[in-house]
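User: Please take a close look at one part of this model, the first chain. Walk me through how its parts are laid out and paired, then set its partner chain beside it.

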Amino acid sequence: MQPIISVKDLCKTYSSGFEALKSINLDVRKGEIFALLGPNGAGKTTLIGTICGIVNPTSGKITVAGHDIKADYRAARSMIGLVPQELTTNAFETVWGDVSFSRGLFGRKANPALIERILRDLSLWDKKDAKIITLSGGMKRRHMIAKALSHEPEILFLDEPTAGVDVELRRDMWNLVRTMRETGVTIILTTHYIEEAEEMADRIGVINKGELILVEEKAELMRNLGKKQLTLHLQAPLQEVPAALRDYQLELAGDGNDLVFTYDSRGERTGITALLADLGDAGIRFKDLQTSQSSLEEIFVNLVRDRT
Amino acid sequence: MNWRAVKAIYIFEMTRTFRTLLQSIVSPVISTSLYFVVFGTAIGSRINAIDGVDYGAFIVPGLIMLTLLTQSIANASFGIYFPKFSGTIYEVLSAPVSYLEVVLSYVGAAATKSIMIGLIILATASMFVSLRIDHPVFMLLFLVLTAVTFSLFGFIIGIWADGFEKLQLIPLLVVTPLTFLGGSFYSIDMLPPFWQTVSLFNPVVYLVSGFRWSFFSTADVGVGVSLAMTLAFLTACLAIVAWIFRTGYRLKT
């Protein structure tokens, strides 16, 4: 299937000489929720800005549903709704007026019924005649989402949608994104909250210092996440793992004082009971044990650190 | 053409104008009325008629031009600078609108506003002095061309400016002196020959002269030259705007 967004060899160097994007290649599939994960300054916003037409790329090619974003910008941009990270609003306009303005800007015929539905879905209907400057931070964020949805986009970019919002609103936002996806909208969100990517995304891309260092199905990452380690602190150090225990693929650590067993916590049988029995048979005694699980956060931190 | 976008931006800008009615329309009308009181009635009654035109009436086209230029620049520069400053420009840049549509809507709204002000001042002036308009079609043509040209110029300043200070810099240091020295309050025939020649390098001279000709059929320079110079300035502004959008200068990083 043709990707809905295709980015090929995209580079962006700012006039200051800063290389914000280094040869990015990325395909986003139609209908998926794609999370772009990365620390501050990694290039997330630049990548989104380039696809949406706000930042001029230095080189490379981007197509949206087959439309080149330069040559065929009208078709490409008509499909995209963007919710930027900063709360930039037309402070003195009313909610209704400003959302209707966005729809017009994208060349769509006025549709008050649709705008009403969007505002109701986002719990902004009561505020439709309020000036934007009077809205709370959370409401402003929802207002910006309403603007992005006003022209019925097929692709929605959410740049740090839950930065600085409270837990309840964050849950609302996640529900909204899921509802949108059910209607067939492709969603690309950037975040530096691992939890958010974990909760929402179908696929995860990790970007750091302008390089896309990993793009993987979330399920795949979760499989790695599902791996746990059991560490046994031995009463007496071992020189090597006894041959009888070879099947467990144990590792010796801490100068032979620790035995480390990696297992899949999601499997029906983890092998822990059998291992402990076999250890007893082999005469290996331990004074303490602990289990640990590598989180997506650790994977992420390691990935980012390895590249530094 | 994405006419709906043009309409959306145009209405957005005009709504802003009417929301700030006092600042947008009432204040230029009051300040111009003060010019009439001071120059037209108080001082003007002691000045002889110029080219057979009573001094109070003679300054009307110049005063309208003065306001038209400053208002066109102020409206258009603020109209595009403010979204840049507040960040809301992202929406226009990411929308399926062409550069032509962006210019048409922003400059169109700024020009509309200054033409409205120009006409209001004309109406106000006619309460102070008796006016005649010999060539009404040319009067409107000069009014519209000047408003559009200087709104384009303002648009360029708004994009170039990266602070409120710069937004004021060119209007204050360049446009106001050129307008005052461009024959708004006098005929350049009244100047010594050397300064007459210098004045011919001032583009505002051509605007005021052409505009005054449409009222009283008298002009410092030929009306054809005035029209040609106005069109030349318009073309220059259009070329700069086209370059800005082609390169993304100060709009896209």
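Analyst: The C-alpha centres of domain 1 and domain 2 of chain A lie 47 Å apart. Domain 1 covers residues 3-209 of chain A, and domain 2 covers 226-296. Everything here is read from a predicted model.

Take the six-stranded sheet of chain A. Its strands follow the order β6-β7-β8-β3-β9-β10. The sheet is open, and its pairing is mixed. β6 and β10 (211-217) of chain A stand at the edges. Each has a single partner strand, so one side of each lacks a neighbour in the sheet. From one strand to the next, the twist averages 15°.

β7 (residues 155-159) and β8 (residues 186-191) of chain A run parallel, paired over 5 bridges. In that pair, I155(A) stands opposite T186(A) of β8(A). β9(A) and β10(A), by contrast, run antiparallel and are joined by 6 bridges. There, G205(A) has V215(A) of β10(A) as its bridge partner. The hairpin of β9(A) and β10(A) has 2 residues between the strands. K209(A) in this hairpin takes a positive phi near 45°. K209(A) also brings us to a boundary, as domain 1 of chain A is assigned as 3-209.

Now the helices on this sheet. Pick up β7(A) and β8(A) again, the parallel pair with 5 bridges. Helix α1 (residues 44-52) of chain A packs on the sheet and touches β3 (33-37), β6, β7, β8 and β9 (203-208) of chain A. The direction of α1 of chain A makes about 150° with that of β7(A). Helix α5 (residues 137-149) of chain A packs on the sheet too, touching β6 and β7 of chain A. The direction of α5 of chain A makes about 170° with that of β6(A).

Next, the pairings of β1 in chain A. Strand β1 (residues 5-13) of chain A runs antiparallel to strand β2 (residues 19-28) of chain A, with 6 bridges between them. L10(A) stands opposite I24(A) in β2(A). The hairpin of β1(A) and β2(A) has 5 residues between the strands, and G17(A) in this hairpin has a positive phi near 100°. β1(A) also pairs with strand β4 (residues 59-64) of chain A, in the antiparallel sense and over 5 bridges. In this second pairing, I5(A) stands opposite V64(A) of β4(A).

Further along chain A is another open sheet. It has 4 strands, ordered β12-β13-β11-β14, and its pairing is antiparallel. The edge strands of this sheet are β12 (251-253) and β14 (286-293) of chain A, each pairing on one side only. Here the twist averages 25° from one strand to the next. β12(A) pairs with strand β13 (residues 258-264) of chain A over 3 bridges, antiparallel. E251(A) has V260(A) of β13(A) as its bridge partner.

How does chain A meet chain B? In the contact between them, 25 residues of chain A face 22 residues of chain B. On the side of chain A, α2 (73-78), β6 (80-83) and α3 (95-105) each give two or more residues. That side divides into 12 nonpolar, 9 polar and 4 charged residues.

Helix α3 (residues 55-86) and helix α5 (residues 99-128) of chain B pack at an angle of about 155°, with their axes 8 Å apart. At that angle α3(B) is roughly antiparallel to α5(B). The crossing of α3(B) past α5(B) is right-handed. The residues of this contact are 16 nonpolar, 8 polar and 1 charged.

The other pair is helix α9 (residues 203-216) and helix α10 (residues 223-247) of chain B. Their axes come within 8 Å and cross at roughly 130°. The two helices are therefore oblique to each other. α9(B) passes α10(B) in a left-handed crossing. Among the residues in contact are Y206(B), L207(B) and W213(B) from α9(B), and L227(B), M229(B) and F233(B) from α10(B). The contact of α9(B) with α10(B) comprises 9 nonpolar and 4 polar residues, with no charged ones.

How values were computed. Residues are numbered from 1 along each chain as its sequence is written. Chains are lettered from A and ligands numbered from 1 in the order in which they are written. This is a predicted model: local features need pLDDT of at least 70, side-chain atom pairs count only at pLDDT 80 or more; totals for chains, interfaces and linings use all residues. Axes are lines fitted to C-alpha atoms, for helices over the stretch in contact, and angles run from 0 to 180 degrees between N-to-C directions. Angles under 35 degrees count as roughly parallel, over 145 as roughly antiparallel, 65 to 115 as roughly perpendicular and the rest as oblique. A crossing is left-handed if the near helix is turned anticlockwise from the far one by less than a right angle, and right-handed if clockwise. Two residues are in contact if their C-beta atoms, placed from the backbone, lie within 7 Å. Ala, Val, Leu, Ile, Met, Phe, Trp, Tyr, Cys and Pro count as nonpolar, Asp, Glu, Lys and Arg as charged, and the others, Gly among them, as polar. Domain bounds come from an automatic or database domain assignment. Two strands pair if DSSP finds at least two bridges between them.
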